[in-house]
Amino acid sequence: MKTALIVGAKGVIGQNLADHLRKLPDWNVIGLSRRDGGPDLIDRDDVERKLGTLTEVTHIFYAAYQDRPTWSELVAPNLAMLVNVVEVIDRVAPGLTHVSLMQGYKVYGAHLGPFKTPARETDARHMPPEFNVDQQDFLESFQQGKRWTWSALRPSAVGGVALGNPMNLAMVLAIYATMSKALRVPFRFPGKPGAYHSLLELTDAELLAKATVWAATDPRCANQAFNINNGDMFRWSELWPKIAAWFELDVAPPLPMSLETIMADKAPLWTELVRRHELYPHTYAEVSSWRFGDFVFAWDYDMIADGSKARRFGFHEFVETEAMFYRIFDDMRRQRMIP
């Protein structure tokens, strides 16, 4: 038996990874998630107390993240959390075999503006700060002389079902469409004009879970980074009307607007929708990821990375992005998240 420690187990990535591992016959799963208001992984003493007894851990799957207002402020907390977890588990778990790090296209500077596409794992680094790069540098350095190996997974924006997650594009689309229908307004693309026609790709959370376990257990993947995406590409100009049709909404021309701003007053409407449609009583904060929606819909440049390295190393799964969204929306309805 292998024992997984999933750090960030309540996020869209961590939840789907835990679900995948629980379906496999030879894994025990320990989920680690931060409680609002309590100590977190930045507190080394608390990490020692909480994780110092996890001697059985064989695999660390690190998918935790703390948001900050600026890119530079992201570095210290996100690096400290990884360092604390890995150093403590490395010391107490003699059977530690692998550390899996979740990254993203920020490694390539995708969040800064138009970048070289398709991005490849061998591309040159960009000017710091960038916590994803610092985290990988720590793993590469700390792993020297150890018996365990590491891998780094680089998905695009991830699609899946998870509540209270600050980076959940499927939730943005589902709640935005639900609000549009309730207010009897058409489904308008809210991003930058150029973003409606840019070439994009996404990463299904279930696909990412499979890739993460593959990279953590296949010896060929030791100490390697991999781009992981669905395998197809799309433009919002083609996909947006199809999503609107799924929600039985009319489409109107795009209109640039900040979702974080225009959705700020919609909590009473959400409460009414929950009551009217007998939805599960999730709070408006739990279903809102508007800031992330604004971030994604501002990509007025191509957002694509070359996924062929993973295929060359043996991972051949793929997902159709349009079908991914429909599956996620169906799942949200089954769970009474949306009407």
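The exposed residues P268, T271 and R275 sit on the face of helix α9 that is turned away from its buried side. Here, exposed means over 50% relative accessible area, buried means under 20%, and partly exposed lies in between (1.4 Å probe, protein chains only). Helices (H or I, at least four residues) and strands (E, at least two) are DSSP runs, numbered from the N terminus. The structure is a predicted model, in which local features need pLDDT of at least 70 and side-chain atom pairs count only at pLDDT 80 or more, whereas totals for chains, interfaces and linings use all residues. Residues are numbered from 1 along each chain as its sequence is written, and side-chain values use heavy atoms, with hydrogens and water left out.

Helix α9 comprises residues 267-277, and its buried residues are L269, W270, L273 and V274. These residues cover an arc of only 140° around the axis, which means that they lie on the same side of α9; the arc is that of the directions from the helix axis to the C-beta atoms. Because an α-helix has 3.6 residues a turn, residues three or four places apart point the same way. The buried residues of α9 pack against α5 (169-182) and α10 (284-287), where contact means heavy atoms within 4.5 Å.

Just after α9 comes E278, which takes a positive phi of about 55°, although E278 is not a glycine. This residue lies in the loop between α9 and α10, and it counts as exposed because its relative accessibility is 65%. R336 also has a positive phi without being glycine, with a value near 60°. R336 belongs to the segment after α13 (321-334), and its relative accessible area of 34% makes it partly exposed.

Helix α6 presents another arrangement. Ten of its 13 residues are buried, so α6 is largely enclosed by the rest of the structure. The buried residues are A205, L207, L208, A209, A211, T212, V213, W214, A215 and A216. The length of α6 (residues 205-217) can be checked by calculation: at 1.5 Å a residue, its 13 residues should span 18 Å, and the end C-alpha atoms are 19 Å apart, which agrees. The expected span is 1.5 Å times one less than the number of residues. At the N-terminal end, D204 caps α6, with a side-chain oxygen 3.2 Å from the backbone nitrogen of E206.

Q66 is placed in the loop between β3 (59-62) and α3 (71-92), yet it counts as buried at 3% relative accessibility. Its side chain forms a polar contact of 3.2 Å with the side chain of D40 and another of 3.1 Å with that of R68. A polar contact is a pair of N or O atoms within 3.5 Å; within protein, one must be able to donate a hydrogen and the other to accept it, and residues adjacent in sequence count only if both atoms are side-chain atoms. Apart from neighbours within four places in sequence, the residues in contact with Q66 include R34, I42, L74 and M81.

L101 is part of strand β4 and counts as buried, with a relative accessibility of 0%. L101 and L153 are 52 residues apart in sequence, but their C-alpha atoms are 6.3 Å apart in space. When residues up to four places away in sequence are not counted, L101 touches several others, among them Y62, L82, L139 and L153.

A cis peptide bond joins T117 and P118, with omega of about -5°, and another joins P128 and P129, with omega of about 15°.

Finally, the chain may be viewed as a whole. It has 13 helices and eight strands, and 54% of its 339 residues count as buried. Among contacts with a separation of 6 or more, 83% are between residues 24 or more positions apart. The C-alpha trace spans about 60 × 40 × 40 Å along its principal axes. A compact globule with 339 residues would have a radius of gyration near 20 Å, and the chain has 20 Å, which agrees. This radius is taken over C-alpha atoms, and the globule rule is 2.2 Å times the number of residues to the power 0.38.
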